[in-house]
Amino acid sequence: MCARVQSYNSLTSFCKRSDSFWLKDEANNNLFWEVLRLHLGKGSWIWGGNVFEKHEISLSAVFTPSSYLLVSSGKNHLVDHLVQFGRRKGWQLKGVIGPSESSDRFFHNWMGKKKGKRGSKKEFFIYESSPTKFVSSEHFSLGEVNHSDWPRARLWVKNFASEANPPLEASTLVYLARELMNKKNLFLLRNNQGVACAMGALGRSTPHMQVINMIYVEPECRNEGIGQEMVTRLVSLAAARGYGKCVLFSDYQKEGNLYEKVGFQKVGLFSERSI
């Protein structure tokens, strides 16, 4: 049976029809809920749709406010079908993001035989916390970043951005960190002497998961298990808020990933490609 694309005229109708499909792979689809929140906050709606096969949703996609196309996991021929649909509709894309197999397939098909600049590419592993019970150390305490802490946190956010691979836009992250602080979602980990040694945040959420981001450990405190303690504390805090699991993105692709040591499970590879 041939695939078909179903478009939706509103954010509400798209979410209502698609939510159960996204929940089947909640960790890898975590950005869909955030994109819809952004559209809701801006009062904007560009395009969202699903590719049906055998009367079931088999691929989902939505424009972000920045004119990137967010795609879900899906079979190659369904991604190709979406590319053809977008061409017929005259889409003007700045890029594509999503699970690597889908986003890379879309990118190469969309670009075709075009020569010259092929756009930038960023890759991140997606990790999901396991059912393992996370135990915190009594030698540390977790506290919200307040305005007196902000100068330190701001510096650490800039360091976090510069250490990313590839480096991230510092000003954008500083703005995000400020918003997280104002929402009481940016934290410092302190030792028993009251010295701040690490930073972390709880950001966007899905129906059952909260996203951990901006994990940063002061250089002189590294290789002492402090990063693991920071993540453990955030998982426990998310659980206290009613989230069954946490999910996070990591650009670290070598052996000995911090999150695997803590007990997170790698569930996918995510790509962001500019056009």
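I began with N9, and at 78% relative accessibility this residue counts as exposed. A reminder to myself: the model is predicted.

Next I checked where N9 sits, and found it in the loop between β1 (4-7) and α1 (11-23). I also looked up its distance to A239: the two are 230 residues apart in sequence and 36 Å apart in space, C-alpha to C-alpha.

Then I turned to charged pairs. Side chains of opposite charge can pair when their charged atoms come close.

My first entry is K184 with E144, whose side chains meet in a salt bridge at 4.0 Å, N to O. K184 lies in the loop between α6 (170-182) and β8 (186-191), while E144 belongs to strand β7 (residues 140-144), so this pair ties together parts that are 40 residues apart in sequence. K184 is partly exposed at 48% relative accessible area, and E144 is partly exposed too, at 41%.

My next entry is E229 with R233, a salt bridge with its closest N and O atoms 2.8 Å apart. Both residues are in helix α7 (residues 226-240), and because they are four residues apart there, about one helical turn separates them.

I then noted a network: salt bridges that share partners join D104, K121, E123 and R273. Within this group I looked up K121 and E123, whose side chains meet at 3.2 Å, N to O. K121 counts as partly exposed at 36% relative accessibility, and E123 counts as partly exposed at 23%.

Notes. Residues numbered from 1 in each chain as written. Predicted model: local features only at pLDDT ≥ 70, side-chain atom pairs only at ≥ 80, totals over all residues. Heavy atoms only, no water. Helix = DSSP H or I, 4+ residues; strand = E, 2+ residues; numbered from the N terminus. Buried < 20%, exposed > 50% of the residue type's maximum accessible area, 1.4 Å probe, protein only.
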